[in-house]
Amino acid sequence: MTPEIEALLTLAMSPSPERIRAALNAYTSDPQRQIWSWHVGGQAVCAAGLRLVGQQAEVLHIGTRPGERGRGYGRSLLLTLTTHLPLTVLEAETDSEAAEFYRRAGFQIQDAPPRFGTPRFRCRLTRY
């Protein structure tokens, strides 16, 4: 994993340095985890970290370079995952701001139990 990809994934992580380090280490030590990235002009502009189990995947982290947000790179990355991986389900749990991103990408959105007093949402894209 390059520093560029780490920086993108870190955008979607807790601000705690210990939690960031643990999450990044899990991508190199857990065989169920994968990192995918979207590049423009040779530079990574978006990266997603996934946990894959069979034909299902959960987006654990997705981050887009701040100057590149709103250009469809994150959505393109997620939709590319569904064509390159044998997935029937792609899911994510997120906050209200990011739930809109997933909704625009075609995911179904449902309420999830709040965490630390913050509303959470379960986002699900089903492919057959």
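I began with strand 4 (residues 89-94) and strand 6 (residues 118-126) of this predicted model, which pair in the antiparallel sense over six bridges. I take two strands as paired if DSSP finds at least two bridges between them; helices (H or I, at least four residues) and strands (E, at least two) are DSSP runs, numbered from the N terminus. Within this pair, I found V89 opposite T126 in strand 6.

I noted that the model is predicted, so that local features need pLDDT of at least 70 and side-chain atom pairs count only at pLDDT 80 or more, while totals for chains, interfaces and linings use all residues. Residues are numbered from 1 along each chain as its sequence is written, and side-chain values use heavy atoms, with hydrogens and water left out.

Strand 5 runs antiparallel to strand 6, and six bridges join them. D111 has F121 in strand 6 as its bridge partner. The hairpin of these strands has two residues between them, and F116 there takes a positive phi near 55°.

I then looked up strand 2 (residues 43-53) and strand 3 (residues 56-64), an antiparallel pair with eight bridges. R51 stands opposite E58 in strand 3.

I recorded the whole sheet: six strands, open, in the order 1-2-3-4-6-5, with mixed pairing. Strand 1 (33-40) and strand 5 (108-115) are the edge strands, each pairing on one side only.

Last, I checked helix 1 (residues 3-10), which lies across strand 1, strand 2 and strand 3 and runs at about 70° to strand 2. Contact means heavy atoms within 4.5 Å; axes are lines fitted to C-alpha atoms, for helices over the stretch in contact, and angles run from 0 to 180 degrees between N-to-C directions.
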